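Here's a quick briefing to skim before you start clicking around. Have a look at the model first, then read on.

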Amino acid sequence: MAKITLSQLRHSYDPDAIGEEDFALKMIDLDWDDGGAYALLGPSGCGKSTLLNIISGLLEPSEGRVLFDDEDVTHLPPDQRNIAQVFQFPVIYDTMSVYDNLAFPLRNRGVPAAKVDERVREIAEMLEVTDMLKVRAANLSPDNKQKISMGRGLVRDDVNVVMFDEPLTVIDPHLKWKLRSKLKELHQRVRATMIYVTHDQTEALTFADQVVVMQDGLIVQIGTPVELFERPAHTFVGHFIGSPGMNVLPAEVRDGAAFFNGTKVDLEGAISDKDGVAEIGVRPEYVGIAKTGLPATVKKVADIGRHNVVEAMLGDIRVNAIVENDPPAQGEAVHLAFKPDQTRLYRDGWIATERAAS
Amino acid sequence: MKVVNNRAWLFVLPVVILVAFNALIPMMTVVNYSVQETFGNNVFFWQGLDWFIQLMRSERFHAALGRQFMFTGLILLIEVPLGVIIALSMPRKGFWVPVCLVTMALPMLIPWNVVGAMWNIFTLPDIGLLGYFLNHTLGIDYDMTQDPFAAWVTIITMDVWHWTSLVVLLSYAGLVSIPDAYYQAAKIDGASNWSVFRYIQLPKMKRVLTIAVLLRFMDSFNIYTEPFVLTGGGPGNSTTLLSIDLVKIALGQFDLGPAAAMSLIYFAITLLVSWLFYTLMTKDDAK
């Protein structure tokens with residue numbers, strides 16, 4: 001068990017990297033608290049797996065340091081870091097039984113047989129695979145194989161961190177939900193630090209207490225699921241999390257206020273002193289159809305069960321609004337009202353309004 | 001309703017004809033010879049199973065069969081582990097991969113009789129590069145034309161040189177198909193190099209190794225050209241393998257009947273051992 005610190009980490013797969021664009025990871029500074037449940041969320045190719053492999057020691061970073069409880073482990077191989085990792089595709093030892101698979105990491109470390117037996121049975125119990133212990137691992141179904149992979153990650157009780165690299169990719173949708181809640185439950189029981197890498201926002205938000213959102217090798221925001229949803233620090237986070245994502249409109253800043261097409265838009269707080277391209281961001285949940293506001297034309301209405309998603313055109317800018325009941329008809333001229341305390345200004349993508357005084 | 005269209009059989013016909021001409025008809029001719037005796041002039045006498053009974057009791061046949069099993073056994077014992085070790089030590093990516101692969105494939109591209117002739121000249125004690133070096137530089141008494149042991153060492157070395165590559169290439173193909181995640185997981189699980197080999201690489205290579213062993217068994221059990229060109233079965237009968245003996249009986253002595261009976265038994269043994277190998281090595285998969 002340890003606190004993990006990443007300090008000024010940069011990594012490039014090209015040994016002659018010079019420019020910023022050559023780096024898969026650009027300057028990462030991050031602390032992972034002991035016992036936390038973290039999700040690392042981002043689109044494919046944003047550097048999540050690279051970051052994970054640096055923590056596990058499968059990769060050595062080009063620059064920067066990795067600390068486990070202030071001990072520098074940057075150059076230590078994976079087996080000396082005392083970590084566990086579960087991969088995207090199930091890795092099992094085909095010729096061994098399920099029992100031997102689960103016991104493998106312990107036996108390799110010379111744990112006494114009695115203790116091995118105790119741990120294996122405990123983990124098998126948690127994963128509900130006790131009745132399969134004697135089965136040859138090669139004969140398992142894909143989801144059971146992945147359970148065994150997870151089990152090998154969890155079987156050691158002294159690990160610093162357990163990392164999951166998109167572990168549910170190969171699992172059938174109806175089992176995904178089960179395994180995910182199982183993991184959450186396991187975290188509460190074993191209390192080890194867990195890092196869960198995924199590009200699926202639902203997985204990230206259900207598993208984690210803290211979500212780290214990455215894009216293009218940078219961490220754009222760290223926060224609880226609620227924080228990410230309610231106050232995205234970057235338009236990317238707004239886009240990536242939520243369905244549909246946050247609306248982003250081009251804006252003009254004059255006299256400390258934001259304007260869209262010449263109409264003043266009220267924001268959550270004062271505009272901070274930043275430069276860059278100005279944009280207004282507001283989530284569809286906080287866009288309402290009203291008597292007054294920005295005039296728009298309804299292009300499409302989609303009834304998705306719980307509510308309606310109204311797609312309206314402000315000139316040639318598309319804005320989504322979520323409307324509970326009585327949606328306007330297609331082609332109808334309406335007015336859109338943004339809830340001011342959920343409307344923010346972004347500069348070059350980064351948030352540029354002060355938090356509303358509460 | 002399902003319409004039965006028997007015209008489909010027409011598509012199979014060319015293969016049936018081909019197999020009939022290149023396998024079935026020649027084979028039945030051999031069966032025909034094996035139960036008859038001839039003294040030439042195309043006159044045949046019915047002999048029943050006499051040739052088979054005689055052969056099974058023949059010490060000459062037992063000796064040739066024994067030599068054959070020893071040869072095949074030895075080359076399998078050397079080529080399979082050696083091939084796996086070479087495949088394990090070959091690079092997995094980069095500039096040296098094609099270099100290694102081409103170098104490995106070269107011996108297999110050389111025709112059998114050329115290999116025999118090459119090794120013959122190579123190992124002759126007075127003019128061969130290796131023969132001369134062993135005798136005159138190192139002072140080791142080595143003459144494969146006189147000494148049975150030297151002859152055996154030479155034919156085994158020749159076969160290892162010629163065919164280990166096949167095992168290497170097949171094992172290598174098995175190795176490169178193992179995803180990186182397996183090695184990474186093994187590292188994290190703290191597995192030793194031996195465990196990685198035993199529990200990851202070997203199981204993943206098992207299928208291709210089965211094929212490699214089968215191919216090497218069949219090829220070496222039926223080997224003729226190389227030892228024939230290299231030693232001609234000598235000195236004495238010491239390297240007379242089954243096929244060499246068979247040709248001696250059939251063409252040298254023109255005993256068609258006994259030779260035919262021997263061919264059939266030879267064929268039956270090859271088939272039986274191949275079947276045994278395959279069944280044993282794949283029995284786990286069926287479970």
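**Chain A meets chain B**

The contact draws on 20 residues from chain A and 13 residues from chain B, where two residues are in contact if their C-beta atoms, placed from the backbone, lie within 7 Å. Keep in mind that this is a predicted model: local features need pLDDT of at least 70, side-chain atom pairs count only at pLDDT 80 or more, and totals for chains, interfaces and linings use all residues. Residues are numbered from 1 along each chain as its sequence is written, while chains are lettered from A and ligands numbered from 1 in the order in which they are written.

**The chain B side**

- On the side of chain B that touches chain A, helix H8 (180-188) and helix H9 (193-221) of chain B are the elements giving two or more residues; helices are DSSP runs (H or I, at least four residues) and strands are too (E, at least two), numbered from the N terminus.
- H8(B) supplies the largest share of that side, six residues.
- By type, that side splits into nine nonpolar, two polar and two charged residues (Ala, Val, Leu, Ile, Met, Phe, Trp, Tyr, Cys and Pro count as nonpolar, Asp, Glu, Lys and Arg as charged, and the others, Gly among them, as polar).

**Chain A overall**

- Chain A carries 22 strands and eight helices.
- Its C-alpha atoms fill a box of roughly 75 × 45 × 40 Å along the principal axes.
- Residues 24 or more positions apart make up 66% of the contacts in chain A with a separation of 6 or more.

**Domains of chain A**

- Chain A divides into domain 1 (4-230) and domain 2 (243-351), with bounds from an automatic or database domain assignment.
- Taken over C-alpha atoms, the centres of domain 1 and domain 2 of chain A are 38 Å apart.
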